[in-house]
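Hi,

Here is the structure I promised to pass on to you. Have a look at it first, and my notes follow below.

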Amino acid sequence: MRPVRILRLLLGALPLVAALAFVPGTGHAQPPDPAVTTQQVCVPKPGRAACQSLLRTDLPAVRSLTPGALPPGYGPPHIRSAYQLPFGAGRGRTVAIVSAFHYPTAEADLAEYRRTYGLPPCTTANGCFDQVYATGSQPPFDSSWALESAIDIDAVSASCPACNIVLVEAASNTIGDLLNAVTVARMGVPNVFPPAKFISMSWGDGENNLQPIIDQTYFNHPGIAFVASSGNTGGVTQWPAASQYITSAGGTVLNQIPGPIQGPQRNRPRNWFESAWSGTGCGCSPFQPKPAWQTDAICPGSRTSADVAALASPSTPLAVYTTTPTPTMETGWLQVGGTSVAAPLVAGMYALAGNPGPNDRPNSYPYANRRAFWDINVGTAGAFSATLGYDAPTGVGSPRGVRGFRR
């Protein structure tokens with residue numbers, strides 16, 4: 001791990017964010033899957049962003065595996081199969097993960113995750129992995145956010161095994177500190193990692209009327225694929241996913257179903273089938289303008305979230321590995337859900353697809369390539385239902401390869 005000093009003079013909009021970050025949001029999480037028992041990893045607090053992950057508490061952690069065994073839950077082979085992802089693409093591209101606080105065992109845990117699934121090593125020594133302190137000083141430890149960071153780096157590894165990964169650790173989970181880390185990810189650090197073209201943010205807060213102003217400084221940057229979790233708020237939008245400049249990643253329930261499948265997913269290989277996850281954040285933004293490429297009638301005068309969707313339901317969880325104790329004091333192989341899973345999966349898929357055009361808005365790509373997504377027409381989230389064509393819970397659908405993430 002390389003601690004990196006980042007001068008605050010690079011982060012010129014900090015006073016603005018510090019002044020605005022106190023504005024209360026409006027999103028509230030709700031228990032999404034009554035059939036399973038979960039714990040919200042990050043408890044929302046006023047003035048602070050919450051990570052969007054859920055830990056299965058009805059399934060015990062697996063401390064160790066027998067040689068050759070895979071952990072319970074979905075991993076890279078399932079993600080590659082379900083979304084028809086090319087193997088080996090993305091080499092040389094960097095996915096930056098913006099998270100909060102310090103994850104002390106990040107590199108060692110990532111090594112074990114990748115070894116277990118037979119993925120190539122991703123270490124600081126071979127230039128694949130970096131762990132960067134956004135302010136130059138090691139942030140304090142927080143068990144909730146350490147688990148969030150573990151989910152993020154494992155999910156990127158699952159969708160883009162050949163990608164480089166940079167974990168940018170914000171000093172805290174205040175909006176100002178997280179946005180400072182976004183700037184570090186976007187600008188890169190000389191001799192450490194280049195400016196990232198793919199930035200994943202598995203955190204959010206309720207919306208307010210000052211966020212479109214903040215967006216102009218931090219997210220109005222063509223040529224960068226910003227991806228954010230749409231929220232675990234069951235039909236309520238959250239920011240930054242609702243920003244007009246960001247790809248909002250909604251959530252699905254991912255299963256393999258025996259027998260014939262009807263509807264738009266009937267020709268999907270290996271009988272994979274997705275429905276909208278009831279906990280996914282979605283709906284009409286009360287403050288964000290509607291991008292020109294979004295033409296739905298759900299929210300005719302404002303931004304609709306989400307744009308795309310991927311695995312998020314804790315009932316069909318992702319496997320993640322950590323030796324840093326979780327909030328429940330567990331270590332080892334865990335099973336997790338939430339749109340915190342969907343965002344880094346989608347960010348990795350953008351990297352698989354190739355670098356965005358320098359003047360492009362990458363969140364417009366899915367709308368121009370709708371046939372590159374599996375249309376999801378089953379499931380609801382709050383007052384919104386998945387339907388044929390574009391809908392709020394799942395956007396244009398779930399990825400069918402990576403053609404939908406490039407021009």
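Which hand does the disulfide of Cys42 and Cys51 have? The torsion about its S-S bond is about 95°, so the Cys42 and Cys51 disulfide is right-handed.

Before the rest, a word on how the values were made. This is a predicted model, so to speak of local features a pLDDT of at least 70 is needed, side-chain atom pairs count only at pLDDT 80 or more, and totals for chains, interfaces and linings use all residues. Residues are numbered from 1 along each chain as its sequence is written, and side-chain values use heavy atoms, with hydrogens and water left out.

**Disulfides**

Taking a disulfide as a pair of cysteine sulfur atoms within 2.5 Å, the count comes to 4. With the bonded cysteines numbered in sequence order, they pair as 1-2, 3-4, 5-6, 7-8.

In the Cys42 and Cys51 pair, the sulfur atoms are 1.9 Å apart. Cys42 and Cys51 are both buried (buried means under 20% relative accessible area, exposed over 50%, partly exposed in between, with a 1.4 Å probe and protein chains only).

Cys122 and Cys128 are joined with their sulfur atoms 2.0 Å apart. The torsion here is about -85°, so this disulfide is left-handed. Both of its cysteines, Cys122 and Cys128, are buried.

The link of Cys284 and Cys299 has a sulfur distance of 2.0 Å and is left-handed as well, with -85° about the S-S bond. Cys284 has 31% relative accessibility and therefore counts as partly exposed, whereas Cys299, at 2%, counts as buried.

What keeps Cys282 from a bond with the closest cysteine sulfur? That sulfur, in Cys299, is 9.0 Å away, which is too far. Cys282 is buried, with a relative accessible area of 0%.

In helix H6 (residues 211–218), the buried residues are Gln211, Pro212, Ile214, Asp215 and Tyr218. They lie on the same side of H6, because they cover an arc of only 155° around the axis, taken from the directions from the helix axis to the C-beta atoms.

Best wishes

Key: Helices (H or I, at least four residues) and strands (E, at least two) are DSSP runs, numbered from the N terminus.
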